[in-house]
Amino acid sequence: MTLTARRMYELLEPICLVTYFADECNEELAALGHRTYWDGYFASRAAPLGRVPAEVVHAAFYSFAEGEAARHIPSAWEKIPPEESVAARERGSAASLRRILGDELAGSPGLARAADLTTKAATNAPMAGRVMYAGMRTLPVPSDPVARLWHSATMLREHRGDGHVAALLSARIGGTEAHVLSALEMGVHPPESFGRIHHLPKKRLAAVMDGLRERGLVDADGRFTDAGRATKQRIEDLTDELAAPPYDALSPGELDELVAELEPISAILVAAGSQ
């Protein structure tokens with residue numbers, strides 16, 4: 001099932017990425033009054049948790065630097081209720097999928113079947129220890145097939161993300177360190193130039209790199225050591241293992257059917273860069 005979890009991640013991730021790479025979601029959030037992309041991001045993604053303080057959002061999101069959540073939470077909710085933000089995220093994401101996929105595929109029986117099977121998996125996963133996923137589970141599942149596919153794919157993404165946080169914690173890898181390891185895996189060098197962390201203070205990034213060197217995970221030039229590469233692989237393997245339980249809800253035939261229905265959808269989204 002870990003192979004299944006990895007394959008489903010590959011197929012579902014492009015569906016989720018329209019939220020962050022396409023225009024419609026950001027336009028919907030801006031229309032509500034969110035001043036910046038990150039105001040909308042934090043307000044809409046954290047909304048299923050309720051009106052929790054920034055410290056809770058920081059802990060649940062895990063990968064953001066200290067203080068980043070507090071720049072947006074709770075101020076992003078003061079004039080715009082969380083419920084409106086999360087609804088705008090869904091509307092915009094579904095609109096992006098319809099535009100990219102086209103009317104024929106978006107309205108096809110195959111997409112509706114993919115939405116149903118994805119929802120079956122997403123609503124039968126264990127919630128214990130899965131904060132972001134549990135928050136998503138409190139939201140109503142949309143009736144529209146395109147919105148339902150996005151919503152359920154995003155539930156599974158948050159479920160996988162919660163497991164990834166557990167895997168990082170087990171390896172004693174912090175959020176910024178995780179970005180460094182991901183950058184190295186993608187071939188970004190120096191890893192401090194990676195888009196998710198390049199804006200952080202140089203002193204902070206230097207301390208992170210020094211800590212990874214002391215642990216033998218990167219070398220003097222800031223590249224993977226064998227130990228660092230092995231640590232990254234163990235994290236990914238455990239993430240896949242922890243992401244597998246939702247798919248126990250599907251029979252082997254249903255899994256094969258889901259893969260077959262998702263492949264053309266995913267291929268179009270990947271070709272478009274999910275934009």
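## A pair on one helix

W38 and F42 sit 4 residues apart in helix α3 (residues 37-46), so about one helical turn separates them. Helices here are DSSP runs of H or I with at least four residues, numbered from the N terminus. This is a predicted model, where local features need pLDDT of at least 70 and side-chain atom pairs count only at pLDDT 80 or more, while totals for chains, interfaces and linings use all residues. Residues are numbered from 1 along each chain as its sequence is written, and side-chain values use heavy atoms, with hydrogens and water left out.

How exposed are the two partners? W38 is partly exposed, at 35% relative accessible area, while F42 is buried, at 1%. (Buried means under 20% relative accessible area, exposed over 50%, and partly exposed in between, using a 1.4 Å probe and protein chains only.) F42 also pairs with Y41, and that aromatic pair is edge-to-face, with 5.4 Å centre to centre and 80 degrees between the planes. Y41 is buried as well, with a relative accessible area of 11%.

## Rings and a charge

Let's talk about ring pairs. Rings of Phe, Tyr and Trp (its six-membered ring) pair if their centres lie within 6.5 Å; planes under 30 degrees apart are stacked, over 60 edge-to-face, and the rest tilted. That rule gives 12 aromatic pairs. W38 and F42 make a tilted pair, because their planes are at 50 degrees, with ring centres 6.3 Å apart. Ring pairs also link Y20, Y37, W38, Y41, F42, F61 and F64 into a cluster.

(A charge sits over a ring if NZ of Lys or CZ of Arg is within 6 Å of the ring centre and within 35 degrees of the ring normal.)

## Hidden spaces

Now for the cavities. On a 1 Å grid over the protein atoms alone, a cavity is a set of points where a 1.4 Å probe fits but cannot get out, and lining residues have an atom within 4 Å of a point. The second largest cavity is lined by residues including Y20, Y37, Y41 and R45. Which helix gives the most to this lining? That's α3, with 5 residues.

The largest cavity is lined by 14 residues, and Y9, L156, R157, R160 and Y247 lie nearest its centre. Here α1 gives the most to the lining, with 6 residues. Two of the names near the centre also meet directly: R160 lies over the face of Y9, at 4.3 Å from the ring centre.

Technical notes. Helices (H or I, at least four residues) and strands (E, at least two) are DSSP runs, numbered from the N terminus. On a 1 Å grid over the protein atoms alone, a cavity is a set of points where a 1.4 Å probe fits but cannot get out, and a pocket is an open set with protein on both sides within 12 Å along at least five of seven lines; lining residues have an atom within 4 Å of a point.
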